[in-house]
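Student: I would like to learn how to read a structure, one feature at a time. Can we take strands, helices and annotated sites in turn?

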Amino acid sequence: MTDNSKIRVVVGMSGGVDSSVTALLLKEQGYDVVGIFMKNWDDTDENGVCTATEDYKDVAKVANQIGIPYYSVNFEKEYWDRVFEYFLAEYRAGRTPNPDVMCNKEIKFKAFLDYAMELGADYVATGHYARVVRDENGVSHMLRGVDNNKDQTYFLSQLSQEQLSKTMFPLGHLQKPEVREIAERAGLATAKKKDSTGVCFIGEKNFKEFLSNYLPATPGNMVTEDGEIKGQHAGLMYYTIGQRQGLGIGGGGASNEPWFAIGKELATNTLIVGQGFHHPTLYSTHLDASEIHFTQDNWSEKEFKCTAKFRYRQQDIGVTVKIAENDATKARVIFDEPVRAITPGQAVVFYDGEECLGGGMIDLAYNGDKLQQYI
Ligand SMILES: Nc1ncnc2c1ncn2[C@@H]1O[C@H](COP(=O)(O)OP(=O)(O)OP(=O)(O)O)[C@@H](O)[C@H]1O
């Protein structure tokens with residue numbers, strides 16, 4: 001067996017079962033493991049209880065069970081400046097941001113990675129469901145987690161070769177139920193802990209209420225494409241393209257089908273609504289993206305075919321990517337078949353089979369010559 005004892009791995013421990021098992025597996029493989037809990041958000045609730053305190057207690061319990069040192073580090077300022085400000089700015093611009101993509105890029109694999117390196121780490125590890133494979137030339141490739149249901153490469157698509165070269169994802173070859181079994185067999189304190197859901201700083205809180213604490217909600221008209229006013233919306237930021245819930249309009253009309261948010265007009269604060277899940281305005285043929293980024297260095301292909309995902313829980317479909325001639329951070333992504341509810345602000349992520357090639361942020365969607373969503 002190789003001697004890993006001189007290789008220091010700093011594990012991001014959230015107090016959840018995934019990162020607990022990550023630390024356990026690395027310790028069993030003989031690495032010099034250090035656990036670190038990041039406090040990124042002051043989430044003291046109205047009763048003065050902070051869930052981070054509870055989570056850190058779980059980190060302490062698990063670290064003691066495994067026999068590794070553990071610490072906590074505070075990145076509240078970095079998180080606020082680099083993730084939360086972006087999150088608010090995107091909503092202000094009428095888009096639907098993806099804070100997890102930004103958190104991985106700026107916090108977990110930048111602020112945290114830099115901090116770990118200062119502690120003498122060779123690698124950082126997290127409980128993400130993804131794999132990193134290093135080829136014979138020392139190049140790191142990010143592959144999907146083998147658990148299709150849990151694969152998190154979508155959120156990791158903005159990582160660079162530099163970041164990946166210092167990263168381990170020990171759970172990538174496991175199914176989630178196997179991870180729970182390992183935790184139970186080892187008797188880890190977090191073995192039965194519930195998975196966290198939703199955006200981490202919002203948690204179980206009411207999304208609308210949360211957002212209204214930071215951004216003024218400006219009600220406006222809900223209007224059909226023909227200009228008929230169907231009612232009032234509570235504020236454009238509360239609606240995502242393709243969404244049905246919360247519109248509060250019954251069927252009616254010629255088809256009697258339910259209503260969906262099919263577009264936003266920021267200048268007039270108007271939500272465009274249309275009837276039917278398959279409303280034609282919800283379908284796009286291509287999109288424009290910015291912040292195009294590849295997990296490999298020196299990507300040179302200007303036009304290529306691959307598959308792409310436009311939201312987290314979605315099967316990828318065939319696309320052609322054309323990088324802009326004068327700006328390699330921009331691209332047009334043309335779909336093999338029309339795609340429903342392309343959402344500006346979300347990530348578009350490219351795959352070649354199992355490998356995540358990178359991706360970008362969705363700016364605009366089109367149906368043929370027609371610009372979708374009016375923004
Ligand atoms: N507060 C934190 N401190 C340190 N590492 C963290 C923290 N939050 C998340 N991570 C790391 O990022 C990984 C993925 O985060 P995500 O929020 O998707 O966790 P998860 O799937 O709920 O995992 P877990 O069961 O470990 O909480 C975690 O497994 C952990 O390694």
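Student: In which sense do E12 and strand E15 pair, and over how many bridges?

Tutor: Strands of a sheet pair through backbone hydrogen bonds, and the pairing is either parallel or antiparallel. This is a predicted model. Here E12 and strand E15 (residues 331–340) are paired in the antiparallel sense, over 6 bridges. Within that pairing, His 286 stands opposite Ile 334 in E15.

Student: Which strand do 7 bridges join to E12?

Tutor: That is strand E17 (residues 355–367), and E12 and E17 run antiparallel.

Student: How many of the 12 residues of strand E12 are buried?

Tutor: Buried means under 20% relative accessible area. In strand E12 (residues 283–294), 10 of the 12 residues are buried, so the strand is largely enclosed by the rest of the structure.

Student: What is the strand order in the open sheet of 5 strands?

Tutor: The order is E3-E2-E1-E4-E7, and the pairing is parallel. At the edges stand strand E3 (70–74) and strand E7 (167–168); each has a single partner strand, so one side of each lacks a neighbour in the sheet. Helix H1 (residues 17–28) packs on this sheet and touches strand E1 (8–12), strand E2 (32–39), E4 and E7. The direction of H1 makes about 165° with that of E1.

Student: Over how many bridges do E4 and E7 pair?

Tutor: Strand E4 (residues 123–125) pairs with E7 over 2 bridges, in the parallel sense. Val 124 has Thr 167 in E7 as its bridge partner.

Student: Now helices. At what angle do H1 and H7 pack?

Tutor: Two packed helices are described by the angle between their axes and the distance between the axes. For H1 and H7 the angle is about 65° and the axes are 9 Å apart. That makes H1 roughly perpendicular to H7. The crossing of H1 past H7 is left-handed. On the H1 side the contact is made by Val 17, Asp 18, Val 21, Leu 24 and Leu 25; on the H7 side, by Lys 176, Val 179, Arg 180, Ile 182 and Ala 183.

Student: At what angle do helix H3 and H4 pack?

Tutor: Helix H3 (residues 76–92) packs with H4 at about 165°, with the axes 9 Å apart. H3 is therefore roughly antiparallel to H4. H3 passes H4 in a right-handed crossing. Residues in the contact include Tyr 79 and Val 83 of H3, and Met 102 and Cys 103 of H4.

Student: Which residues does the UniProt annotation "active site" cover?

Tutor: An annotation comes from a record, here an unreviewed UniProt entry, and the model shows where the annotated residues lie. The annotation covers Cys 103 and Cys 200. They span 98 residues in sequence, yet no two of their C-alpha atoms are more than 10.0 Å apart, so they gather at one spot.

Student: Is Cys 103 buried or exposed?

Tutor: Cys 103 counts as buried, because its relative accessibility is 4%. Its place is in helix H4 (residues 99–118). Apart from neighbours within four places in sequence, Cys 103 is in contact with Tyr 79, Val 83 and Lys 108.

Student: Is Cys 200 buried or exposed?

Tutor: Exposed means over 50%. Cys 200 has 54% relative accessibility, so it counts as exposed. Cys 200 is found in the loop between helix H7 (176–185) and helix H8 (207–212).

Terms used
Residues numbered from 1 in each chain as written. Predicted model: local features only at pLDDT ≥ 70, side-chain atom pairs only at ≥ 80, totals over all residues. Heavy atoms only, no water. Pairing = 2+ DSSP bridges. Helix = DSSP H or I, 4+ residues; strand = E, 2+ residues; numbered from the N terminus. Contact = heavy atoms within 4.5 Å. Axes fitted to C-alpha atoms, helices over the stretch in contact; angles between N-to-C directions. UniProt positions renumbered as here; feature names shortened; annotations may be inferred. Buried < 20%, exposed > 50% of the residue type's maximum accessible area, 1.4 Å probe, protein only. Parallel < 35°, antiparallel > 145°, perpendicular 65-115°, else oblique. Left-handed = near helix turned anticlockwise from the far one by under 90°.
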